[in-house]
Amino acid sequence: RVVLPESLPTARARCSREADGLSVPHRTGLRYSAMVVCFIVNIRNSSASTFYVVQAGDPFYSPKIGGRACGGQRFEIPPGFEAPCEGLIVPWAATSRCGLEIGMLGEDGQKVHCVVGPSDIDDGQVDWLRVHSSNWKVVAQEHWLPLGKRHLLGAIGASVELHLTFRDRVAVSLAPGEEEPAAAQDGGAVDLARRVAERVHFEREASCSPANTVFLNVYDLASAASIPNSLLCNSLLKTFGAFHAAIEVFGEEWGFYRQPNADDCGICRSRFPRRHPVHVYRQSVNLGTTPLQDWEVWKVIREKIIPLWPSSRYDLIHCNCIHFAETFAELLQVKPVPAWVKGLHETGAAFSRAWPFNFFGGGPPAVETSQPSSSRAGPPPLPERR
């Protein structure tokens with residue numbers, strides 16, 4: 001049980017009383033600047049109604065839904081629709097007057113405006129996906145989604161990938177003596193917006209993807225590396241950074257590490273993906289779905305991974321966790337590791353092979369292709385990272 005300094009209903013009630021502080025999306029100042037860039041990567045309509053989305057023009061992104069441009073104009077989403085999205089973002093509250101508009105087709109006034117920004121529920125250091133009515137009043141705060149912490153005074157940060165799903169409203173039966181909530185006193189704008197908000201569901205990509213989806217989980221090497229990594233790699237600029245990487249598939253995360261004993265297995269499994277005692281989780285990259293079943297993945301790991309990735313093979317430049325992720329992704333038959341993740345170690349490897357650095361022993365470590373006789377009894381047991 002998690003004990004909060006203030007209960008969530010109390011915090012929500014306080015936010016309702018202080019709605020004026022959140023009702024102006026273009027308010028300036030560090031407190032209202034946003035950091036997390038929120039991408040909508042997939043849209044699905046599982047309801048019986050037709051919805052639409054409108055994203056205001058953005059100088060940095062050209063949004064597309066199902067390959068069709070949708071920037072600055074209404075894009076209809078009929079029942080049964082599902083398509084991937086590119087460049088479709090939920091705008092920052094500090095820079096947008098419209099946000100991402102979502103509404104029901106043919107129902108005047110039934111629309112919401114979604115923006116990314118801080119909330120008074122916490123200490124203001126976390127960005128939330130917020131929902132507002134057409135007059136920018138707080139709507140459905142119980143559906144607001146925390147996205148992550150801000151860095152660099154709200155200027156540059158990581159990205160979050162979400163799925164947008166429309167579902168029919170679930171009818172809730174009232175208890176004996178209970179009455180329907182009274183309509184809002186502001187002309188019904190909040191009440192109309194809530195009807196839409198109850199049908200709009202934002203979910204993190206990792207939580208609603210098929211089990212055979214392969215994710216590359218990217219970490220900052222340490223907390224001190226978060227700021228330079230954010231400067232070099234963010235939603236607008238992708239160069240290189242100091243990263244640790246691991247592969248997540250079927251709910252488990254696999255990584256390559258140097259062990260205290262060089263003869264130990266270098267592959268570690270974690271049942272708690274995106275958590276690490278040293279590295280700082282940054283983001284997950286969807287590499288696609290593997291055609292392999294879960295038992296086939298285990299067979300690949302035990303027969304093609306463990307024997308060839310002992311701890312003694314680890315080298316900071318030439319054979320590290322990112323090299324392992326590249327190999328594992330290839331065996332899983334998914335997309336390769338992005339260039340911005342492996343850019344730093346490739347640059348370091350190129351320098352170590354160039355004159356005069358090659359005189360200092362630069363080069364990848366030798367790999368034994370034959371297994372020792374002791375391995376006939378089977379691969380060594382897998383260490384687990386808790």
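Two strands count as paired if DSSP finds at least two bridges between them. In this predicted model, strand β8 (residues 100-104) and strand β9 (residues 111-118) run antiparallel and are joined by four bridges, and the bridge partner of Ile102 in β9 is Val112.

**The sheet**
- Strands β8 and β9 belong to an open sheet of six strands, which follow the order β5-β2-β8-β9-β10-β11 with antiparallel pairing.
- At the edges of this sheet are β5 (75-77) and β11 (145-149), each of which pairs on one side only.
- Helix α2 (residues 189-197) packs on the sheet, where it touches β8, β9 and β10 (126-132), and the direction of the helix makes about 80° with that of β9.

**The nonpolar cores**
- Ile102 is also among the residues with the most contacts inside the largest nonpolar core, which has 42 residues, and Ile40, Ile43, Ile65 and Phe202 are listed with it.
- Apart from this core lies another one, of 33 residues, including Trp254, Leu292, Val300 and Leu332.

**Aromatic rings**
- The count of aromatic pairs comes to 10.
- Trp254 and Trp298 form an edge-to-face pair, because their ring centres are 5.4 Å apart and their planes stand at 85°.
- This pair links distant parts of the chain, since Trp254 is in strand β16 (residues 252-256) and Trp298 is in helix α5 (residues 294-305), 44 residues apart.
- Trp254 counts as buried at 2% relative accessibility, whereas Trp298, at 28%, counts as partly exposed.
- Ring pairs also link Phe256, Trp309, Tyr314, Phe324 and Phe328 into a cluster, and Arg313 lies over the face of Trp309, at 4.0 Å from the ring centre.

Methods
Residues are numbered from 1 along each chain as its sequence is written. This is a predicted model: local features need pLDDT of at least 70, side-chain atom pairs count only at pLDDT 80 or more; totals for chains, interfaces and linings use all residues. Side-chain values use heavy atoms; hydrogens and water are left out. A nonpolar core is a set of buried Ala, Val, Leu, Ile, Met, Phe, Trp, Tyr and Cys residues joined through side-chain atoms within 4.5 Å. Buried means under 20% relative accessible area, exposed over 50%, partly exposed in between (1.4 Å probe, protein chains only). Helices (H or I, at least four residues) and strands (E, at least two) are DSSP runs, numbered from the N terminus. Contact means heavy atoms within 4.5 Å. Axes are lines fitted to C-alpha atoms, for helices over the stretch in contact, and angles run from 0 to 180 degrees between N-to-C directions. Rings of Phe, Tyr and Trp (its six-membered ring) pair if their centres lie within 6.5 Å; planes under 30 degrees apart count as stacked, over 60 as edge-to-face and the rest as tilted. A charge sits over a ring if NZ of Lys or CZ of Arg is within 6 Å of the ring centre and within 35 degrees of the ring normal.
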